[in-house]
Amino acid sequence: MNYAEEMLTSLEQGDLDNAAKHFKRVKNLGTDEEKFTLAENLYHLGFLEETKELLELLLGSYPGEGELIVTLAEVLVEMDDEEGALELLSEMGEGDPDYPRALLLQADLYQMQGLFEVSEQKLLQAKKILPSEPVIDFALGELYLEIGKFLEAIRSYENVLKAQKTNVGGVDVHQRMGEALSAGGDFEQALHHYEKALDEHLEINTLFGYAFTAYQAGYYTKAIEKLESVKALDPDYNSLYLLLSKAYEHEEELEKSLETVREGITHDEFNKELLFHGGKISLKLGLEEDAEKFMRESLALDQGYMEAALTLNKLFLRQERYEDILEIIKLMESEGEEDPQLHWDAAAAYEKTEDYKEALKQYRLAYTFFKEHPEFLQEYGYFLIEEGKRGEAREVFNELVKKDPTNEEWAMMIERLEE
């Protein structure tokens, strides 16, 4: 038994002191083959510092050896020394048999740093050297998928599948194809690839991707079926609840939709979108108290959540709760949030609370955005009449008649204002 084998045996037995002694003997007395074999074994066992020492020793004897450079670079990446890895890889000669492997590692490192163009250049350079290597096509697919170039990603994954490779580095290529096709809007083909991936291996992210794509394609029953399967596998898969609730909503199963929201909140109580959706479903079911509670909870999580604020205001307008409307508007103002609808809501609320000066100010602010909106113009016009601003009111009703010359009420109002 040589020193390398003795070290590995000591490691298996948990005898770290003896392992350290044998490691020193390999470094000082072992053959290059023993050093390299031990380095490979130690790398797989997670002894990165020792692996690095051995590879650096070997590089001293074989400077410029591509396999050693790339392996050492991989070790440096594992040790979070990306810059050191890139510097080492830059020493590789283009004629080295391991140069494509070096390019792949460089591309991965540049992609991690967000330097996507440089990463692409490295991969295309590798593909030029090895045009039919599926690992390179897969790496290109991964890059293009990340940066949103879905057509290029699909072409790259297709090349991998043409090479009869359905799994690269533990990643299912059909799953990636499904993701790229779904993101590109080709839902039917995406579902086909998701099905192939699930036939190979039942994996929860793939199952969710299938459900999400089915939902986008309008196959809500199928989406529900797959999302319920996701929930059965992992009830803490929080992303499923909002999508499942929406799918039930599309199927007009509102009670189940609301039940799903309530269940989801027990797993993810800080999900403002889920709470907001619960509020909308409650409104559809006529559960106004529940709706308000959901909306207020979503606003508590994000005080600038405009969609929740506007929906609450709509509810309060119907309930004639004008002070509550003004409270919501002041909250949005304190958060620096703006929306034209807030001016319209404020105008209506101030009018009803008899603060006519502020109501007029808000109507005028809203007019800039809603001057093409007949409902707003009519409301504004009648307010102006009440305030004795007949000239302004006449202009507003003239705008309304231009939009609908057949409306007798508006035409008669103009006649009265011209008297």
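**Figure 1. Helices α8 and α9 lie side by side in this predicted model.** Let's begin with α8 (residues 116-129) and α9 (residues 134-146), whose axes come within 10 Å and cross at roughly 160 degrees. Axes here are lines fitted to C-alpha atoms, for helices over the stretch in contact, and angles run from 0 to 180 degrees between N-to-C directions. Helices (H or I, at least four residues) are DSSP runs, numbered from the N terminus. The crossing angle makes α8 roughly antiparallel to α9 (angles under 35 degrees count as roughly parallel, over 145 as roughly antiparallel, 65 to 115 as roughly perpendicular and the rest as oblique). The crossing of α8 with α9 is left-handed, a term used if the near helix is turned anticlockwise from the far one by less than a right angle. Residues are numbered from 1 along each chain as its sequence is written. Local features need pLDDT of at least 70, side-chain atom pairs count only at pLDDT 80 or more, totals for chains, interfaces and linings use all residues, and side-chain values use heavy atoms, with hydrogens and water left out.

**Figure 2. A closer look at the contact of α8 with α9.** Among the α8 residues that meet α9 are Phe 116, Leu 123 and Lys 127. From α9, the partners include Ile 136, Leu 140 and Tyr 144. Contact means heavy atoms within 4.5 Å. By class, the contact of α8 with α9 has 9 nonpolar, 1 polar and 4 charged residues (Ala, Val, Leu, Ile, Met, Phe, Trp, Tyr, Cys and Pro count as nonpolar, Asp, Glu, Lys and Arg as charged, and the others, Gly among them, as polar).

**Figure 3. Helix α9 also packs against α10.** The axes of α9 and α10 (residues 150-162) come within 8 Å and cross at roughly 160 degrees. That makes α9 roughly antiparallel to α10, and the crossing is left-handed. Pro 134, Phe 138 and Leu 145 are among the α9 residues in this contact, and Phe 150, Tyr 157 and Val 160 are among those of α10. The contact of α9 with α10 contains 9 nonpolar, 3 polar and 3 charged residues.

**Figure 4. The largest pocket has α9 in its lining too.** The volume of this pocket is about 520 Å³. A pocket is an open set of points on a 1 Å grid over the protein atoms alone, where a 1.4 Å probe fits, with protein on both sides within 12 Å along at least five of seven lines; lining residues have an atom within 4 Å of a point. The volume is the space filled by probe spheres set on the points. Of the 18 lining residues, Leu 104, Leu 105, Asp 108, Val 135 and Ala 139 are the closest to the centre of the largest pocket. Helices α5 (66-78), α7 (99-112) and α9 each give two or more residues to the lining, and α7 gives the most, with 6. The lining of the largest pocket has 11 nonpolar, 2 polar and 5 charged residues.

**Figure 5. The second largest pocket is lined by residues from α19, α21 and α23, among others.** This pocket has a volume of about 290 Å³. Its lining includes Glu 307, Lys 314, Trp 344 and Glu 379. Here α19 (306-319) gives the most, with 5 residues. The lining of the second largest pocket has 4 nonpolar, 2 polar and 5 charged residues.
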